[in-house]
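Student: I would like to learn how to read a model of this kind, feature by feature. Could we go through it together?

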Amino acid sequence: MISAASEAVSGNPAAFTWVTAVSMLAFCAILWVIVDYMRTHPRPAMWVWGLSLLTFPIWIWGPGHDIGLINWFSWAKILSVLIPLTLVGAMRIAVAEQRPGRVWEILRNPRFLWFPYAILFLNIAEATLRDAQIGNYWNAAVGLGLCLTIPYCPRFWEVLPGRNAELVAYTTMAWNFLYTTWNLCFTFGGYPPKEEHFAASICILAVAEIYPLVKRRPELYIMARIYTLPVLMLVIAIYNIFPKVMPSDGWFNNNVWIVWGIVNFVLTIPYLFWYTWQLETGRSFIYFRRGRAREDFLHQHGDQVRDLIAFADSLDAATDTHGRTARTTDTPERSLP
């Protein structure tokens, strides 16, 4: 029978008080402002996180080192967030300012988008292994599914031209939601007995989920996610105030954790089939994009996408299971959104 890690917290859970509620709302508001500012200002988006690396001595010898990140693995974890984020900022500057030079050309090259793709893949894979290690195989399976359904790069990733140079990944709203609920489940049970960060994790994931919905641009999910996570980690590293202002220690419940993982798994199964079907038929070019992004893409590539979808449909209609060619009739071309 699947069970949580043996070091799970026992005893009375921290109460959810008005202080907790106000603190979480205030933290969400701060995160929202940070994400919105970073999205529209590529240069600060590089320098802020690059210079934040200079706080490294505080992580080790600062006033809050005994309640923050207190070992080399934790320090390596935050470095693995800040260094890639600095490089993403450099990619955005390279596009926004069109700087000359070999290095800037490499950063502008669409192939370099494999770098943030790989960082996202490794981030999910690491948590997936942790879920499996401590016994929630259901949620670990969801993590594997998320790794497999990250939209391919650079086909569905780009740094948009213009002064904002936004990093966008054309993930679907369903993928965004699955990632959010999977990550929350992982955070809920992945770090016992250190659940004091779970309330703060709710904030960073809620802002990342809601921000692209308010903007009506699901492709901003990855950008919102990468700019909320380092805020949490730096606060923990420099002086961890979360156990005091929004304590969540003792909230862990093994049954809730396992059922949560099962629900996530059930939601993932139909998504896997839908995702595969979109790729197989060529409709992913359309349905992975929403709103203005879809309109712009169809304006530029609509004819090619129609031809691709028609070709995929003709293969399904013209070939039986034994490879024999079947009789086909002309059918009206399907309209695209």
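Student: Over which residues does pLDDT stay under 50, and how many contacts beyond four places in sequence does the model have there?

Tutor: This is a predicted model, in which local features need pLDDT of at least 70 and side-chain atom pairs count only at pLDDT 80 or more, while totals for chains, interfaces and linings use all residues. Residues are numbered from 1 along each chain as its sequence is written, and side-chain values use heavy atoms, with hydrogens and water left out. The term pLDDT is the predictor's confidence in each residue, from 0 to 100, and a contact means heavy atoms within 4.5 Å. Here pLDDT stays under 50 over residues 325-334, for which the model has eight contacts beyond four places in sequence.

Student: What is the mean pLDDT of the chain, and where is confidence lowest and highest?

Tutor: The mean for the chain is 87, with 86% of its residues reaching 70 or more. Helices (H or I, at least four residues) and strands (E, at least two) are DSSP runs, numbered from the N terminus. Confidence is lowest in helix 3, at a mean of 84, and highest in helix 7 (residues 137-148), at 97. Over residues 1-10, however, the pLDDT is below 50, and this stretch has 25 contacts beyond near neighbours in sequence.

Student: How many helices and strands does the chain have, and what share of its residues is buried?

Tutor: Buried means under 20% relative accessible area, exposed over 50%, and partly exposed in between (1.4 Å probe, protein chains only). The chain has 14 helices and two strands, and buried residues make up 47% of its 337 residues. One buried case is Ser52, at 8% relative accessibility, which sits in the loop between helix 2 (42-51) and helix 3. Apart from neighbours within four places in sequence, Ser52 is in contact with Trp59, Leu82 and Leu234.

Student: How many salt bridges does the structure hold, and which residues does Glu166 join through them into one network?

Tutor: A salt bridge is a side-chain nitrogen of Lys or Arg within 4 Å of a carboxyl oxygen of Asp or Glu, and the structure holds eleven. Glu166 pairs with Arg217, the closest N and O atoms being 2.6 Å apart. Because Glu166 lies in the loop between strand 1 (157-159) and strand 2 (167-169), and Arg217 in the loop between helix 9 (198-215) and helix 10 (221-239), the pair ties together parts that are 51 residues apart in sequence. Salt bridges that share partners join Asp36, Arg39, Glu166, Lys215, Arg217 and Glu219 into one network.

Student: Where do Arg102 and Glu105 lie, and is each exposed or partly exposed?

Tutor: Both lie in helix 5 (residues 102-108), three residues apart, about one turn of the helix, and their side chains meet in a salt bridge (4.0 Å, N to O). Arg102 counts as exposed at 61% relative accessibility, whereas Glu105, at 43%, counts as partly exposed.

Student: How many disulfides does a search of the whole structure find, and how far is the nearest cysteine sulfur from that of Cys203?

Tutor: A disulfide is a covalent bond between the sulfur atoms of two cysteines. In this search it is a pair of cysteine sulfur atoms within 2.5 Å, and the whole structure has zero. Cys203 is in no disulfide, the nearest cysteine sulfur, that of Cys28, being 3.8 Å away. Cys203 counts as buried, at 1% relative accessibility.
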